[in-house]
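User: I would like a close look at one part of the model below, namely its aromatic residues and their surroundings. Please give a single connected account.

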Amino acid sequence: NSLSGLRVKVLSRDNDEFPSGFHYHMRKDFMKKLISGKTEPYIFHMCWTLNKDDKLKYMSQMGFWYVHDSCFPNKKASEISGDSMIGHCCSAEPLFECHYKDKASIKSCSSSPAKDGRGISWW
């Protein structure tokens, strides 16, 4: 804020370095580039998504999820201490799981149910 000398900068919604749920839901061209490795964003923020459950499903379907179910959502960080939290909760590899055939994914999820009414595979 202006009292501490900081200024706020709002990134463009179309910024490919910091994509969001807008990209996931509205920019299939970008998602294909992301999956093929032609673009490497710094972070992916899953806004533009209705609820937390869907956000987690979309992130795991994209290979962006690394937290074991045993640590989420019922465990608090204070219940697991120090290095054991990292080893216990965090996976070195993405925890991929198919949920919906009509949403972007790093692998085809064509045998999964559709999330939206049309039922057409994203792939």
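How many aromatic pairs does the structure hold?

Analyst: The structure holds six aromatic pairs, where rings of Phe, Tyr and Trp (its six-membered ring) pair if their centres lie within 6.5 Å, and planes under 30 degrees apart count as stacked, over 60 as edge-to-face and the rest as tilted. One of the pairs joins Tyr-58 and Tyr-100, which are edge-to-face with 6.2 Å centre to centre and 65 degrees between the planes. This pair links distant parts of the chain, since Tyr-58 belongs to helix α3 and Tyr-100 to the segment after α4, 42 residues apart. Another edge-to-face pair is formed by Trp-122 and Trp-123, at 5.5 Å centre to centre and 80 degrees between the planes.

Some notes on the basis of these values are needed. The model is predicted, so local features need pLDDT of at least 70 and side-chain atom pairs count only at pLDDT 80 or more, while totals for chains, interfaces and linings use all residues. Residues are numbered from 1 along each chain as its sequence is written, and side-chain values use heavy atoms, with hydrogens and water left out. The mean pLDDT (the predictor's confidence in each residue, from 0 to 100) is 86 for the protein, and 86% of its residues reach 70 or more.

Together with Tyr-24 they form one aromatic cluster. Tyr-58 is also listed among the buried residues of α3, with Asp-54, Met-59, Ser-60 and Gln-61. The cover over these buried residues includes α1.

Tyr-24 leads on to the largest nonpolar core, which has 13 residues; Tyr-24, Met-31, Leu-34, Phe-44, Met-46, Met-62 and Ala-104 have the most contacts inside it. Helices α2 and α3 (52-61) each supply at least two residues of this core, and α2 gives the most, with three. Such a core is a set of buried Ala, Val, Leu, Ile, Met, Phe, Trp, Tyr and Cys residues joined through side-chain atoms within 4.5 Å. Ala-104 connects this region with the tryptophan pair: leaving aside residues up to four places away in sequence, Ala-104 touches Tyr-24, Met-31, Gln-61, Met-62 and Trp-122, a contact being heavy atoms within 4.5 Å.

Trp-122 counts as buried because its relative accessibility is 9%. Lys-28 lies over the face of Trp-122, at 5.1 Å from the ring centre. A charge sits over a ring if NZ of Lys or CZ of Arg is within 6 Å of the ring centre and within 35 degrees of the ring normal. The charged end of Arg-13 likewise sits over the ring of Phe-22, 4.1 Å from its centre.

Arg-13 also meets His-23, a residue of helix α1 (residues 21-26): the backbone oxygen of Arg-13 lies 3.4 Å from a polar atom of the His-23 side chain. His-23 counts as buried because its relative accessibility is 0%.

Definitions and conventions:
Buried means under 20% relative accessible area, exposed over 50%, partly exposed in between (1.4 Å probe, protein chains only). Helices (H or I, at least four residues) and strands (E, at least two) are DSSP runs, numbered from the N terminus. A polar contact is a pair of N or O atoms within 3.5 Å; within protein, one must be able to donate a hydrogen and the other to accept it, and residues adjacent in sequence count only if both atoms are side-chain atoms.
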